[in-house]
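Please open the model in your viewer and keep the sequence panel beside it, as this tour moves from one selection to the next.

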Amino acid sequence: MSTITEKIARLLALAESPYEAEAQAALLRARRLMAEHKLRPEDITPQAAKRVIKECVGISSTKLSTPWAVNLSNIIAEHYCCRSFMSKRKGHKTVEIGFVGLEEDFMACKLAFCYAHDCVMSRCKGIKKELSHCYTAATIRQMCNSYGWGFCSGLSAAFKAQTERHQEWGLVMVVPKEVVEKTAAMKTVTYAQPSATAWSQQYANLGYKDGQEFDPAHRLKGAKEQNVAQSA
């Protein structure tokens, strides 16, 4: 192995660490190095080690409550060489969000999506707390959804700008054929983005800004430092 592939292999080994923050940080770092050096998982591990994972990630969405979450999963899946899917029980309005991807891609995609979703939900919780005394629940829901849609737009713009800065990433930021074959017959679920009203546009703008600045490494670094402090 070359020096860089050995480094990535060590990071992937660290991804098996019992310390969650360390494992997550190692996995995301390995994913970034693979993109920078135009490497695929098969360049690091033997072909026989490839495994396609298809799993829901414990996050649900409805057209009324969090329609932006479906779009968020699509945006992140594309950037992490995965495909998103929605699992819906007949007669139910709620869909479960999941991803299909090679093992390393799937884990990195899941971590990034869950963190992004948590960031949006945390901000929406703050909006509800701040405005519950002066707006109806329906109005606040529209404000929160405007923020969520704005976050998706900002994140999409950030990914696009990143790809334009590193054009060679396009060579590896593709969905592997094993994943394409696995998802060929799957139906997709999407929700249309409504037009933001004048009073909710400010929340869409706030979401856009936060989406542009989103970086899962920030939380992982903080969590790792906290674990170190607790073990000292």
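**First stop: two helices in contact**

Begin by selecting Met 143, Ser 146, Tyr 147, Gly 150, Phe 151, Ser 153, Gly 154, Leu 155, Ala 157 and Ala 158 in α6, which meet Tyr 203, Ala 204, Leu 206, Gly 207, Tyr 208, Asp 210, Gly 211 and Gln 212 in α8; contact here means heavy atoms within 4.5 Å. These residues divide into 10 nonpolar, seven polar and one charged, where Ala, Val, Leu, Ile, Met, Phe, Trp, Tyr, Cys and Pro count as nonpolar, Asp, Glu, Lys and Arg as charged, and the others, Gly among them, as polar. The model is a predicted one, in which local features need pLDDT of at least 70 and side-chain atom pairs count only at pLDDT 80 or more, while totals for chains, interfaces and linings use all residues. Residues are numbered from 1 along each chain as its sequence is written, and side-chain values use heavy atoms, with hydrogens and water left out.

Now show the whole of α6 (residues 137–165) and α8 (residues 201–213), which pack at an angle of about 35° with their axes 6 Å apart; axes are lines fitted to C-alpha atoms, for helices over the stretch in contact, and angles run from 0 to 180 degrees between N-to-C directions.

**Second stop: the core**

Select Phe 151 next, which touches Leu 72, Ala 116, Val 120, Gly 207, Tyr 208, Asp 210, Gly 211 and Phe 214, leaving aside residues up to four places away in sequence. Phe 151 is also one of the residues with the most contacts inside the largest nonpolar core, which has 40 residues; such a core is a set of buried Ala, Val, Leu, Ile, Met, Phe, Trp, Tyr and Cys residues joined through side-chain atoms within 4.5 Å, and buried means under 20% relative accessible area with a 1.4 Å probe, protein chains only. Colouring α5 (103–131) will show the element that gives the largest share of this core, 11 residues.

Three strands form an open antiparallel sheet in the order β1-β3-β2, strands being DSSP runs of E of at least two residues and helices runs of H or I of at least four. Because β1 and β2 (83–88) each have a single partner strand, one side of each is left without a neighbour in the sheet.

Definitions and conventions:
Buried < 20%, exposed > 50% of the residue type's maximum accessible area, 1.4 Å probe, protein only. Pairing = 2+ DSSP bridges.
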